[in-house]
Amino acid sequence: MRYHHNGKIPQKRHTIFKSEEGNFYYEQLFGTEGFHGISSLLYHTHRPTQIKEIEGVKDVTPKIAVEKNIIPRRIQGMKVQAEDDFLDSRKVLMLNNDLKMGIAKPRKSVTGYFYKNAECDELLFVQKGSGILKTFVGNLEFGYGDYLIIPRGTIYQIEFKDEDNILFFIESHSPIYTPKRYRNEFGQLLEHSPFCERDIEAPVHVDPIDKKGDFVIKVKKENQITDFVYATHPFDVVGWDGYFYPFKFNIKNFEPITGRIHQPPPVHQTFEGHNFVVCSFVARMYDYHPLSIPAPYNHSNIDSDEVLFYAEGDFMSRNHIDLCDFTLHPGGIVHGPHPGAMERSIGQKETHEYAVMVDPFRPLKLTEEALKVEDPTYKTSWLD
(Lines give C-alpha, C1' and ligand atoms only; values in the text may rest on other atoms or scores of the structure.)
Protein backbone atom coordinates (compact mmCIF):
# COMPACT_ATOMS: atom_id res chain seq x y z
CA MET A 1 0.00 0.00 0.00
CA ARG A 2 1.06 3.56 -0.54
CA TYR A 3 0.25 6.77 1.29
CA HIS A 4 -3.06 8.34 0.33
CA HIS A 5 -5.18 11.21 1.58
CA ASN A 6 -8.65 12.56 0.90
CA GLY A 7 -10.72 15.49 2.12
CA LYS A 8 -9.71 17.89 4.89
CA ILE A 9 -7.02 16.97 7.43
CA PRO A 10 -5.03 19.07 9.93
CA GLN A 11 -1.42 19.99 9.28
CA LYS A 12 -0.27 17.93 12.29
CA ARG A 13 -1.75 14.71 13.62
CA HIS A 14 -3.21 14.50 17.14
CA THR A 15 -3.84 18.25 17.26
CA ILE A 16 -6.95 20.44 17.52
CA PHE A 17 -8.98 20.39 14.29
CA LYS A 18 -12.19 22.39 13.93
CA SER A 19 -14.78 23.18 11.27
CA GLU A 20 -15.30 26.69 9.93
CA GLU A 21 -18.14 27.01 12.44
CA GLY A 22 -15.73 26.25 15.28
CA ASN A 23 -16.93 22.69 15.99
CA PHE A 24 -14.38 20.00 16.85
CA TYR A 25 -13.63 17.18 14.43
CA TYR A 26 -12.89 13.87 16.11
CA GLU A 27 -9.79 11.87 15.18
CA GLN A 28 -9.81 8.08 14.88
CA LEU A 29 -6.79 5.83 14.41
CA PHE A 30 -7.84 3.10 11.98
CA GLY A 31 -5.23 0.36 11.75
CA THR A 32 -4.25 -3.23 12.24
CA GLU A 33 -1.82 -5.34 14.27
CA GLY A 34 -2.01 -3.09 17.30
CA PHE A 35 0.06 0.06 16.77
CA HIS A 36 2.62 -1.76 14.62
CA GLY A 37 0.79 -2.36 11.32
CA ILE A 38 -0.25 0.11 8.66
CA SER A 39 -2.90 2.63 9.66
CA SER A 40 -4.86 5.71 8.66
CA LEU A 41 -6.20 8.68 10.62
CA LEU A 42 -9.85 9.57 10.08
CA TYR A 43 -11.54 12.81 11.09
CA HIS A 44 -15.23 12.56 12.00
CA THR A 45 -17.88 15.24 12.30
CA HIS A 46 -19.18 13.44 15.41
CA ARG A 47 -17.59 11.11 17.95
CA PRO A 48 -17.58 7.65 16.30
CA THR A 49 -18.23 5.97 19.67
CA GLN A 50 -21.87 6.91 20.30
CA ILE A 51 -23.59 3.56 20.83
CA LYS A 52 -27.30 3.94 21.61
CA GLU A 53 -28.08 0.28 22.06
CA ILE A 54 -27.00 -3.22 21.10
CA GLU A 55 -29.69 -5.46 19.68
CA GLY A 56 -29.91 -9.05 18.47
CA VAL A 57 -27.02 -11.43 17.95
CA LYS A 58 -27.07 -13.84 15.02
CA ASP A 59 -24.85 -16.91 14.95
CA VAL A 60 -23.30 -17.48 11.52
CA THR A 61 -20.88 -20.27 12.39
CA PRO A 62 -20.30 -22.38 9.24
CA LYS A 63 -21.57 -25.95 9.62
CA ILE A 64 -18.64 -28.28 9.08
CA ALA A 65 -19.42 -31.40 7.07
CA VAL A 66 -15.87 -32.70 6.45
CA GLU A 67 -13.35 -32.03 9.21
CA LYS A 68 -10.39 -33.76 7.58
CA ASN A 69 -10.33 -33.81 3.79
CA ILE A 70 -7.95 -35.66 1.53
CA ILE A 71 -10.30 -36.07 -1.47
CA PRO A 72 -10.06 -33.99 -4.68
CA ARG A 73 -13.35 -32.16 -5.08
CA ARG A 74 -15.31 -30.05 -7.55
CA ILE A 75 -17.83 -27.66 -6.04
CA GLN A 76 -20.34 -26.22 -8.51
CA GLY A 77 -20.65 -22.57 -7.58
CA MET A 78 -23.41 -21.84 -10.09
CA LYS A 79 -25.68 -24.11 -8.05
CA VAL A 80 -25.21 -22.14 -4.83
CA GLN A 81 -28.48 -20.49 -3.86
CA ALA A 82 -28.93 -16.74 -4.39
CA GLU A 83 -30.33 -14.62 -1.57
CA ASP A 84 -31.78 -11.12 -1.41
CA ASP A 85 -29.63 -9.94 1.50
CA PHE A 86 -25.88 -9.48 1.05
CA LEU A 87 -24.93 -11.11 4.36
CA ASP A 88 -27.37 -14.01 3.97
CA SER A 89 -25.99 -14.66 0.49
CA ARG A 90 -22.44 -15.32 1.69
CA LYS A 91 -22.09 -19.10 1.70
CA VAL A 92 -18.84 -20.35 3.26
CA LEU A 93 -17.67 -23.45 1.38
CA MET A 94 -14.17 -24.07 2.78
CA LEU A 95 -12.26 -22.84 5.79
CA ASN A 96 -9.41 -23.35 8.23
CA ASN A 97 -8.08 -21.31 11.14
CA ASP A 98 -6.57 -18.72 8.77
CA LEU A 99 -9.40 -18.00 6.35
CA LYS A 100 -12.90 -18.71 5.14
CA MET A 101 -13.84 -18.69 1.47
CA GLY A 102 -17.00 -19.11 -0.51
CA ILE A 103 -19.42 -17.55 -2.93
CA ALA A 104 -22.17 -14.96 -2.59
CA LYS A 105 -25.08 -14.24 -4.94
CA PRO A 106 -26.82 -11.19 -3.47
CA ARG A 107 -29.87 -9.88 -5.31
CA LYS A 108 -30.34 -6.65 -3.37
CA SER A 109 -28.14 -3.70 -2.37
CA VAL A 110 -27.16 -3.25 1.27
CA THR A 111 -29.71 -0.78 2.61
CA GLY A 112 -31.11 -0.22 6.07
CA TYR A 113 -27.84 -1.16 7.73
CA PHE A 114 -24.07 -0.86 7.48
CA TYR A 115 -21.62 -3.76 7.82
CA LYS A 116 -18.27 -4.14 9.55
CA ASN A 117 -16.10 -7.22 9.80
CA ALA A 118 -14.33 -6.64 13.10
CA GLU A 119 -11.77 -9.44 12.85
CA CYS A 120 -11.13 -10.30 9.19
CA ASP A 121 -9.85 -8.55 6.11
CA GLU A 122 -12.15 -9.32 3.20
CA LEU A 123 -11.38 -10.00 -0.44
CA LEU A 124 -14.35 -9.81 -2.80
CA PHE A 125 -13.75 -10.91 -6.39
CA VAL A 126 -16.51 -9.71 -8.71
CA GLN A 127 -17.34 -12.54 -11.09
CA LYS A 128 -20.62 -10.97 -12.18
CA GLY A 129 -22.33 -7.66 -11.51
CA SER A 130 -21.34 -4.07 -10.87
CA GLY A 131 -22.04 -1.29 -8.43
CA ILE A 132 -20.49 0.94 -5.77
CA LEU A 133 -18.67 -0.05 -2.61
CA LYS A 134 -19.54 2.75 -0.19
CA THR A 135 -17.25 3.14 2.83
CA PHE A 136 -16.53 5.64 5.55
CA VAL A 137 -13.40 6.74 3.66
CA GLY A 138 -15.02 7.07 0.24
CA ASN A 139 -16.48 5.08 -2.64
CA LEU A 140 -15.18 2.58 -5.17
CA GLU A 141 -17.08 1.75 -8.33
CA PHE A 142 -16.63 -1.90 -9.27
CA GLY A 143 -17.39 -4.30 -12.07
CA TYR A 144 -16.39 -7.65 -13.52
CA GLY A 145 -12.91 -8.84 -12.59
CA ASP A 146 -12.34 -6.41 -9.74
CA TYR A 147 -10.69 -7.55 -6.54
CA LEU A 148 -12.05 -5.43 -3.68
CA ILE A 149 -9.73 -5.56 -0.66
CA ILE A 150 -11.60 -4.37 2.44
CA PRO A 151 -9.50 -4.08 5.62
CA ARG A 152 -10.99 -5.29 8.88
CA GLY A 153 -12.92 -2.60 10.69
CA THR A 154 -14.08 -0.88 7.50
CA ILE A 155 -17.72 0.20 7.72
CA TYR A 156 -19.38 -0.26 4.35
CA GLN A 157 -22.46 -0.76 2.22
CA ILE A 158 -22.69 -2.14 -1.33
CA GLU A 159 -25.01 -0.72 -3.97
CA PHE A 160 -25.57 -3.16 -6.83
CA LYS A 161 -26.78 -1.99 -10.24
CA ASP A 162 -28.97 -5.06 -10.77
CA GLU A 163 -30.03 -8.30 -9.11
CA ASP A 164 -27.67 -10.72 -10.87
CA ASN A 165 -24.43 -10.66 -8.87
CA ILE A 166 -21.77 -13.27 -8.11
CA LEU A 167 -18.92 -12.63 -5.68
CA PHE A 168 -16.12 -14.98 -4.67
CA PHE A 169 -15.04 -13.97 -1.17
CA ILE A 170 -12.27 -14.62 1.32
CA GLU A 171 -12.33 -13.65 4.98
CA SER A 172 -8.75 -13.55 6.28
CA HIS A 173 -7.78 -13.52 9.95
CA SER A 174 -4.56 -11.77 8.91
CA PRO A 175 -4.07 -8.64 6.79
CA ILE A 176 -4.14 -9.12 3.01
CA TYR A 177 -1.13 -7.50 1.35
CA THR A 178 0.62 -7.40 -2.01
CA PRO A 179 3.49 -9.93 -2.03
CA LYS A 180 6.64 -8.80 -0.23
CA ARG A 181 8.89 -10.04 -3.02
CA TYR A 182 7.27 -7.52 -5.38
CA ARG A 183 8.18 -4.58 -3.11
CA ASN A 184 11.41 -2.84 -2.11
CA GLU A 185 12.26 -1.83 1.46
CA PHE A 186 10.23 1.36 1.01
CA GLY A 187 7.10 -0.51 -0.05
CA GLN A 188 7.26 0.50 -3.71
CA LEU A 189 6.29 -2.16 -6.23
CA LEU A 190 9.37 -3.22 -8.19
CA GLU A 191 9.94 -3.30 -11.93
CA HIS A 192 9.46 -7.08 -12.11
CA SER A 193 6.12 -6.94 -10.29
CA PRO A 194 3.20 -8.05 -12.52
CA PHE A 195 1.29 -4.90 -11.53
CA CYS A 196 2.13 -1.44 -10.22
CA GLU A 197 0.63 1.35 -8.16
CA ARG A 198 -1.17 2.77 -11.20
CA ASP A 199 -3.30 -0.39 -11.28
CA ILE A 200 -4.50 0.04 -7.69
CA GLU A 201 -7.42 2.40 -7.06
CA ALA A 202 -8.12 4.04 -3.71
CA PRO A 203 -11.58 5.26 -2.66
CA VAL A 204 -12.93 8.46 -4.17
CA HIS A 205 -13.77 11.09 -1.54
CA VAL A 206 -17.43 11.97 -1.06
CA ASP A 207 -18.99 14.68 1.08
CA PRO A 208 -19.49 13.64 4.71
CA ILE A 209 -23.03 12.85 5.88
CA ASP A 210 -23.89 14.88 8.98
CA LYS A 211 -26.96 13.13 10.39
CA LYS A 212 -28.21 12.05 13.79
CA GLY A 213 -30.68 9.25 14.38
CA ASP A 214 -30.59 5.45 14.64
CA PHE A 215 -27.95 3.86 12.40
CA VAL A 216 -27.54 0.10 12.50
CA ILE A 217 -24.03 -1.31 11.99
CA LYS A 218 -23.96 -5.10 11.78
CA VAL A 219 -20.63 -6.11 13.32
CA LYS A 220 -19.20 -9.56 12.64
CA LYS A 221 -16.80 -11.13 15.12
CA GLU A 222 -16.19 -14.72 16.22
CA ASN A 223 -18.91 -16.05 13.90
CA GLN A 224 -21.55 -13.75 15.35
CA ILE A 225 -23.21 -10.72 13.78
CA THR A 226 -24.33 -8.18 16.38
CA ASP A 227 -26.49 -5.14 15.63
CA PHE A 228 -25.01 -1.94 17.06
CA VAL A 229 -27.26 1.12 16.91
CA TYR A 230 -25.25 4.36 16.70
CA ALA A 231 -26.50 7.90 17.21
CA THR A 232 -24.73 9.38 14.15
CA HIS A 233 -24.23 8.39 10.53
CA PRO A 234 -20.94 6.44 10.14
CA PHE A 235 -20.07 8.16 6.84
CA ASP A 236 -19.35 11.50 8.54
CA VAL A 237 -15.61 11.52 7.75
CA VAL A 238 -14.43 14.94 6.49
CA GLY A 239 -10.96 13.67 5.61
CA TRP A 240 -8.36 10.99 6.21
CA ASP A 241 -4.81 10.02 5.38
CA GLY A 242 -2.57 7.00 5.74
CA TYR A 243 -1.85 3.57 4.32
CA PHE A 244 -4.86 1.57 5.55
CA TYR A 245 -7.92 1.76 3.29
CA PRO A 246 -10.02 -0.32 0.91
CA PHE A 247 -8.81 -0.57 -2.66
CA LYS A 248 -9.57 -2.32 -5.92
CA PHE A 249 -7.42 -4.07 -8.49
CA ASN A 250 -8.77 -5.63 -11.67
CA ILE A 251 -7.58 -9.10 -12.65
CA LYS A 252 -7.16 -7.93 -16.26
CA ASN A 253 -4.48 -5.48 -15.12
CA PHE A 254 -2.31 -8.39 -13.95
CA GLU A 255 0.60 -8.72 -16.39
CA PRO A 256 1.43 -12.42 -16.74
CA ILE A 257 4.99 -13.65 -16.36
CA THR A 258 5.79 -16.17 -19.11
CA GLY A 259 8.86 -18.07 -20.28
CA ARG A 260 10.25 -20.59 -22.75
CA ILE A 261 9.00 -23.46 -20.59
CA HIS A 262 6.08 -23.78 -18.18
CA GLN A 263 6.28 -21.37 -15.24
CA PRO A 264 5.34 -22.50 -11.71
CA PRO A 265 2.21 -21.16 -9.93
CA PRO A 266 4.04 -18.51 -7.81
CA VAL A 267 4.45 -16.33 -10.95
CA HIS A 268 0.69 -15.76 -10.75
CA GLN A 269 0.72 -14.55 -7.14
CA THR A 270 -1.31 -11.38 -6.53
CA PHE A 271 -1.93 -11.17 -2.76
CA GLU A 272 -0.81 -12.89 0.41
CA GLY A 273 -1.97 -13.34 3.98
CA HIS A 274 -0.70 -15.38 6.89
CA ASN A 275 -0.49 -19.00 5.72
CA PHE A 276 -2.08 -18.47 2.30
CA VAL A 277 -1.54 -16.81 -1.09
CA VAL A 278 -3.95 -15.63 -3.81
CA CYS A 279 -2.98 -15.98 -7.48
CA SER A 280 -4.51 -14.73 -10.74
CA PHE A 281 -4.52 -16.90 -13.85
CA VAL A 282 -5.08 -14.59 -16.79
CA ALA A 283 -5.05 -14.54 -20.60
CA ARG A 284 -1.43 -14.97 -21.69
CA MET A 285 0.96 -16.26 -24.32
CA TYR A 286 2.01 -19.85 -23.81
CA ASP A 287 5.59 -21.08 -23.42
CA TYR A 288 7.72 -20.63 -26.54
CA HIS A 289 10.35 -23.40 -26.33
CA PRO A 290 9.91 -25.48 -29.51
CA LEU A 291 9.26 -28.58 -27.39
CA SER A 292 7.32 -26.89 -24.59
CA ILE A 293 4.23 -28.39 -22.99
CA PRO A 294 1.96 -25.49 -21.98
CA ALA A 295 -0.22 -27.62 -19.70
CA PRO A 296 1.01 -27.81 -16.09
CA TYR A 297 3.04 -30.82 -15.07
CA ASN A 298 1.67 -33.24 -12.48
CA HIS A 299 2.62 -32.03 -9.04
CA SER A 300 2.10 -32.69 -5.36
CA ASN A 301 1.11 -29.78 -3.19
CA ILE A 302 2.64 -31.46 -0.17
CA ASP A 303 2.47 -28.38 2.06
CA SER A 304 -0.74 -26.73 0.86
CA ASP A 305 -4.20 -27.35 -0.48
CA GLU A 306 -5.02 -25.75 -3.84
CA VAL A 307 -8.34 -24.10 -4.66
CA LEU A 308 -9.19 -22.72 -8.09
CA PHE A 309 -12.23 -20.55 -8.82
CA TYR A 310 -12.98 -20.45 -12.55
CA ALA A 311 -14.09 -17.00 -13.72
CA GLU A 312 -13.88 -16.84 -17.53
CA GLY A 313 -12.90 -18.93 -20.55
CA ASP A 314 -12.04 -22.61 -20.87
CA PHE A 315 -9.39 -23.66 -18.38
CA MET A 316 -6.91 -25.55 -20.52
CA SER A 317 -5.85 -28.13 -17.92
CA ARG A 318 -9.38 -29.27 -16.99
CA ASN A 319 -12.22 -31.15 -18.65
CA HIS A 320 -15.90 -30.48 -17.88
CA ILE A 321 -15.37 -27.37 -15.72
CA ASP A 322 -18.06 -24.70 -15.62
CA LEU A 323 -17.87 -21.02 -14.72
CA CYS A 324 -17.92 -20.39 -10.97
CA ASP A 325 -16.79 -23.93 -10.21
CA PHE A 326 -14.29 -24.48 -7.42
CA THR A 327 -11.77 -27.30 -7.55
CA LEU A 328 -10.02 -28.39 -4.38
CA HIS A 329 -6.84 -30.44 -4.61
CA PRO A 330 -5.72 -31.38 -1.10
CA GLY A 331 -2.13 -31.28 0.01
CA GLY A 332 -0.25 -34.54 -0.30
CA ILE A 333 -2.24 -35.88 -3.27
CA VAL A 334 -0.72 -35.67 -6.77
CA HIS A 335 -2.82 -33.72 -9.26
CA GLY A 336 -2.37 -32.48 -12.78
CA PRO A 337 -4.04 -32.04 -16.16
CA HIS A 338 -7.11 -34.05 -17.03
CA PRO A 339 -6.76 -36.80 -19.67
CA GLY A 340 -6.09 -35.25 -23.06
CA ALA A 341 -5.34 -31.77 -21.68
CA MET A 342 -1.56 -32.13 -21.98
CA GLU A 343 -1.81 -33.38 -25.54
CA ARG A 344 -4.29 -30.64 -26.52
CA SER A 345 -2.00 -27.93 -25.19
CA ILE A 346 1.01 -28.86 -27.32
CA GLY A 347 1.45 -26.39 -30.16
CA GLN A 348 -1.08 -23.90 -28.73
CA LYS A 349 0.11 -20.29 -28.60
CA GLU A 350 -2.16 -18.60 -26.05
CA THR A 351 -5.00 -18.97 -23.57
CA HIS A 352 -7.90 -16.70 -22.68
CA GLU A 353 -8.70 -18.19 -19.27
CA TYR A 354 -9.24 -16.27 -16.02
CA ALA A 355 -9.27 -17.90 -12.62
CA VAL A 356 -8.45 -17.10 -9.00
CA MET A 357 -6.29 -19.58 -7.11
CA VAL A 358 -5.95 -19.76 -3.34
CA ASP A 359 -3.23 -21.89 -1.75
CA PRO A 360 -3.74 -22.25 2.02
CA PHE A 361 -0.83 -23.74 3.90
CA ARG A 362 -3.07 -25.54 6.37
CA PRO A 363 -5.74 -28.10 5.36
CA LEU A 364 -9.22 -26.92 4.52
CA LYS A 365 -12.46 -28.17 6.03
CA LEU A 366 -15.62 -28.36 3.96
CA THR A 367 -19.03 -27.08 4.97
CA GLU A 368 -22.52 -28.46 4.45
CA GLU A 369 -23.04 -25.73 1.85
CA ALA A 370 -20.13 -27.13 -0.18
CA LEU A 371 -21.41 -30.70 -0.14
CA LYS A 372 -24.85 -29.57 -1.35
CA VAL A 373 -23.30 -28.59 -4.70
CA GLU A 374 -20.41 -31.04 -5.01
CA ASP A 375 -19.82 -33.14 -8.12
CA PRO A 376 -19.12 -36.60 -6.60
CA THR A 377 -17.54 -37.91 -9.82
CA TYR A 378 -14.63 -35.44 -9.82
CA LYS A 379 -12.26 -37.58 -7.76
CA THR A 380 -12.14 -40.25 -10.49
CA SER A 381 -12.12 -37.84 -13.44
CA TRP A 382 -8.45 -38.54 -14.27
CA LEU A 383 -9.15 -42.14 -15.32
CA ASP A 384 -8.55 -42.85 -19.01
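1. A salt bridge is taken here as a side-chain nitrogen of Lys or Arg within 4 Å of a carboxyl oxygen of Asp or Glu. Under that criterion, Lys-128 and Asp-164 meet through their side chains, with an N to O distance of 2.6 Å. Lys-128 belongs to strand β10 (residues 121-128) and Asp-164 to the loop between β14 and β15, so the pair ties together parts that are 36 residues apart in sequence. Helices (H or I, at least four residues) and strands (E, at least two) are DSSP runs, numbered from the N terminus.

2. On provenance, this is a predicted model, in which local features need pLDDT of at least 70 and side-chain atom pairs count only at pLDDT 80 or more, while totals for chains, interfaces and linings use all residues. Residues are numbered from 1 along each chain as its sequence is written, and side-chain values use heavy atoms, with hydrogens and water left out.

3. Burial is classed by relative accessible area: buried means under 20%, exposed over 50%, and partly exposed in between (1.4 Å probe, protein chains only). Lys-128, at 38% relative accessibility, is partly exposed.

4. The whole structure contains 24 salt bridges. One of them joins Lys-58 to Asp-88, with the closest N and O atoms 2.8 Å apart. Because Lys-58 lies in strand β4 (residues 51-59) and Asp-88 in helix α1, this pair ties together parts that are 30 residues apart in sequence. Lys-58 is partly exposed at 43% relative accessibility, and Asp-88 is partly exposed at 34%.

5. A further salt bridge connects Lys-108 and Glu-163, whose closest N and O atoms are 2.7 Å apart. This pair links distant parts of the chain, 55 residues apart: Lys-108 is in the loop between β8 (99-104) and β9, and Glu-163 in the loop between β14 (155-160) and β15 (166-172). The relative accessible area of Lys-108 is 37%, so this residue is partly exposed; Glu-163 is partly exposed as well, at 46%. Elsewhere, a network of salt bridges links Arg-74, Asp-322, Asp-325 and Asp-375.

6. Aromatic contacts were assigned by ring geometry: rings of Phe, Tyr and Trp (its six-membered ring) pair if their centres lie within 6.5 Å, with planes under 30 degrees apart counted as stacked, over 60 as edge-to-face and the rest as tilted. The search of the whole structure finds 27 such pairs. Among them is the edge-to-face pair of Phe-86 and Tyr-115, at 6.5 Å centre to centre and 75° between the planes. Phe-86 lies in helix α1 (residues 86-89) and Tyr-115 in strand β9 (residues 114-117), so parts that are 29 residues apart in sequence are tied together. Both Phe-86 and Tyr-115 are buried.

7. The rings of Phe-114 and Phe-235 have centres 5.1 Å apart and planes at 75°, so this pair is edge-to-face. The pair links distant parts of the chain, 121 residues apart, with Phe-114 in strand β9 and Phe-235 in the loop between β17 (224-232) and β18 (237-242). Phe-114 and Phe-235 are both buried. Ring pairs also build a cluster, whose members include Phe-125, Tyr-147, Phe-168, Tyr-182 and Phe-326.

8. A charge sits over a ring if NZ of Lys or CZ of Arg is within 6 Å of the ring centre and within 35 degrees of the ring normal. Lys-18 lies over the face of Phe-24, at 4.7 Å from the ring centre. Lys-218 is placed over the face of Tyr-113, at 5.3 Å from the ring centre.

9. Thr-135 is located in strand β11 (residues 131-135) and counts as buried at 2% relative accessibility. Its side chain reaches the backbone nitrogen of Val-137 at 3.0 Å and the backbone oxygen of Gly-138 at 2.7 Å.

10. His-320 lies in the loop between β24 (306-312) and β25 (325-329). With 72% relative accessibility, His-320 counts as exposed. His-320 and Ser-381 are 61 residues apart in sequence and 9.4 Å apart in space, C-alpha to C-alpha.

Methods
A polar contact is a pair of N or O atoms within 3.5 Å; within protein, one must be able to donate a hydrogen and the other to accept it, and residues adjacent in sequence count only if both atoms are side-chain atoms.
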